[in-house]
Amino acid sequence: MKAMNLVANLAPVTSAERDPRWAALVTRDPAFDGKFVYSVKTTGVYCRPACPSRLAKPENIAFHADCAEAERAGFRPCLRCRPNEASLAERHAAVIADACRRIEASEEVPALDTLARAAGVSPYHFHRLFKSITGLTPKAYGAAHRSRRVRDHLSDGKGSVTEAIYDAGFGSSSRFYETSNKVLGMTPSAFRAGGVEAQIKFAVGECSLGAILVATSGKGVCAIFLGDDPDALVRDLQDRFPKADLIGGDAEFEALVSKVVGFVEAPGIGLDLPLDLRGTAFQERVWQALRDIPAGETVSYSQIAERIGAPRAVRAVAQACAANALAVAIPCHRVVRNDGGLSGYRWGVERKRALLLKESRS
Ligand SMILES: [Zn+2]
């Protein structure tokens with residue numbers, strides 16, 4: 001608007017200056033790109049309205065609706081603004097669209113350098129361009145695309161949630177869960193189930209026995225898993241609570257995890273957190289009997305069976321131990337064979353040995 005006033009004040013004398021398109025040339029307004037071109041009689045070339053070349057004298061300028069009209073009038077395209085080729089905006093859009101296809105076809109988002117090289121621009125320029133056109137960084141675009149694939153997999157109802165996550169190119173399901181709430185609006189299990197049974201918060205940490213997963217429901221701690229592979233622990237949690245809404249723990253949750261880790265390192269101190277047991281009546285009787293075994297002692301499966309008043313249910317006692325989801329908090333590691341042998345342990349017999357050794361020393 002300012003420019004128009006400026007132009008008006010200059011009291012136009014030539015027909016070019018009286019043309020409403022003249023202001024676009026003076027301001028080099030890119031918004032007029034593609035709307036018309038102008039030719040310069042003295043040089044014989046025609047230009048885009050925003051051509052960066054020095055503007056010719058108005059008496060030598062003529063306006064044309066498009067390139068074809070300018071060329072019919074005998075003008076050549078300017079080598080600087082290349083009015084007969086795709087505009088810069090169009091070329092940028094094509095380059096970024098190409099980069100998007102590349103990202104979609106890759107398991108991992110390609111390195112910025114790689115994407116920039118393919119686009120023929122510097123990494124810095126590429127990153128800025130990508131963001132200005134898609135509204136996302138290449139990395140975020142890759143994450144959003146993978147999440148979309150998970151959503152499609154989940155919607156078709158085939159395969160497990162974990163399969164869908166891995167099929168979509170997420171290297172780890174915990175990484176996926178960090179972002180799934182944002183992307184799906186809910187977590188995959190809840191999405192698949194079409195509803196939410198319960199919200200379960202979880203986090204995976206490290207303790208002297210390896211990886212440890214801690215999860216809580218609204219009622220209390222509902223899972224303590226031990227293992228070598230954090231992702232396998234997350235899969236276990238998923239299988240255990242298939243209809244639950246699994247949420248990655250926040251900073252506040254970290255405090256609870258360290259509390260549980262502290263307890264696993266020194267079970268003698270006890271865990272003063274409510275537990276959410278979720279077993280059958282029989283299982284819960286067994287688990288209660290296990291919690292009555294002091295640290296540093298072991299009992300046999302038949303002794304537990306006797307203690308709960310079901311002396312013949314030794315096998316069922318062993319099964320209830322194996323179904324325990326709360327490692328150490330329900331100390332199934334304190335149950336041994338009648339001959340004192342270690343027998344199995346859901347989280348590995350070496351961990352059972354380590355726990356018992358630790359408890360016998362304290
Ligand atoms: Zn030009």
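**A guided reading of the model**

Val-328 sits in the loop that runs between helix H16 (314-322) and strand E10 (335-336). The model is a predicted one, and the backbone at this residue deserves a look, since phi of Val-328 is near 70°, a positive value in a residue other than glycine. Is Val-328 buried or exposed? Val-328 is buried, because 25 other C-beta atoms lie within 10 Å, and the cut-off for that class is 20 or more.

Four strands make up an open sheet, with the order E7-E6-E5-E8 and mixed pairing. Its edges are formed by strand E7 (221-227) and strand E8 (245-248), each of which pairs on one side only. On average, and with direction ignored, neighbouring strands of this sheet are turned by 25° against each other. As a general point, the strands of a sheet pair through backbone hydrogen bonds, in either a parallel or an antiparallel manner. Strand E6 (residues 210-216) and E7 run antiparallel and are joined by six bridges; within this pair, Leu-213 has Phe-225 of E7 as its bridge partner. Helix H13 (residues 251-265) packs on the sheet, where it touches strand E5 (199-207), E6 and E7, and the direction of H13 makes about 50° with that of E5.

Helix H17 (residues 349-361) consists of 13 residues and spans 19 Å from its first C-alpha to its last, which is close to the 18 Å expected at 1.5 Å a residue. Which residues of H17 are buried? They are Arg-351, Lys-352, Leu-355, Leu-356 and Glu-359. Viewed down the axis of H17, these buried residues fall within an arc of 130°, so they line one face of the helix. The buried residues of H17 pack against E7, whereas on the other side of the helix Glu-350, Leu-357, Ser-360 and Arg-361 are exposed.

An unreviewed UniProt entry places the feature "binding site" at Cys-47, Cys-51, Cys-78 and Cys-81. Although these positions are spread over 35 residues of sequence, they cluster in space, with a largest C-alpha distance of 8.7 Å.

Cys-51 belongs to the loop between strand E2 (45-47) and strand E3 (61-64), while Cys-78 is located in the loop between strand E4 (76-77) and helix H5 (88-105). Why does Cys-78 count as buried? It does so because 21 C-beta neighbours lie inside 10 Å, and Cys-51 is buried as well, with 21 other C-beta atoms within 10 Å. When residues up to four places away in sequence are not counted, Cys-51 touches Cys-78, Arg-80 and Cys-81. With neighbours within four places in sequence left aside, the contacts of Cys-78 are Val-45, Tyr-46, Cys-47, Cys-51, Ser-53 and Pro-83.

Definitions and conventions
Residues are numbered from 1 along each chain as its sequence is written. This is a predicted model: local features need pLDDT of at least 70, side-chain atom pairs count only at pLDDT 80 or more; totals for chains, interfaces and linings use all residues. UniProt positions are given in the numbering used here, feature names are shortened, and annotations may be inferred rather than shown by experiment. Helices (H or I, at least four residues) and strands (E, at least two) are DSSP runs, numbered from the N terminus. A residue is buried if 20 or more other C-beta atoms lie within 10 Å of its own, exposed if 12 or fewer, and partly exposed in between; C-beta atoms are placed from the backbone. Two residues are in contact if their C-beta atoms, placed from the backbone, lie within 7 Å. Two strands pair if DSSP finds at least two bridges between them. Axes are lines fitted to C-alpha atoms, for helices over the stretch in contact, and angles run from 0 to 180 degrees between N-to-C directions. The expected span of a helix is 1.5 Å times one less than its number of residues. The arc is that of the directions from the helix axis to the C-beta atoms.
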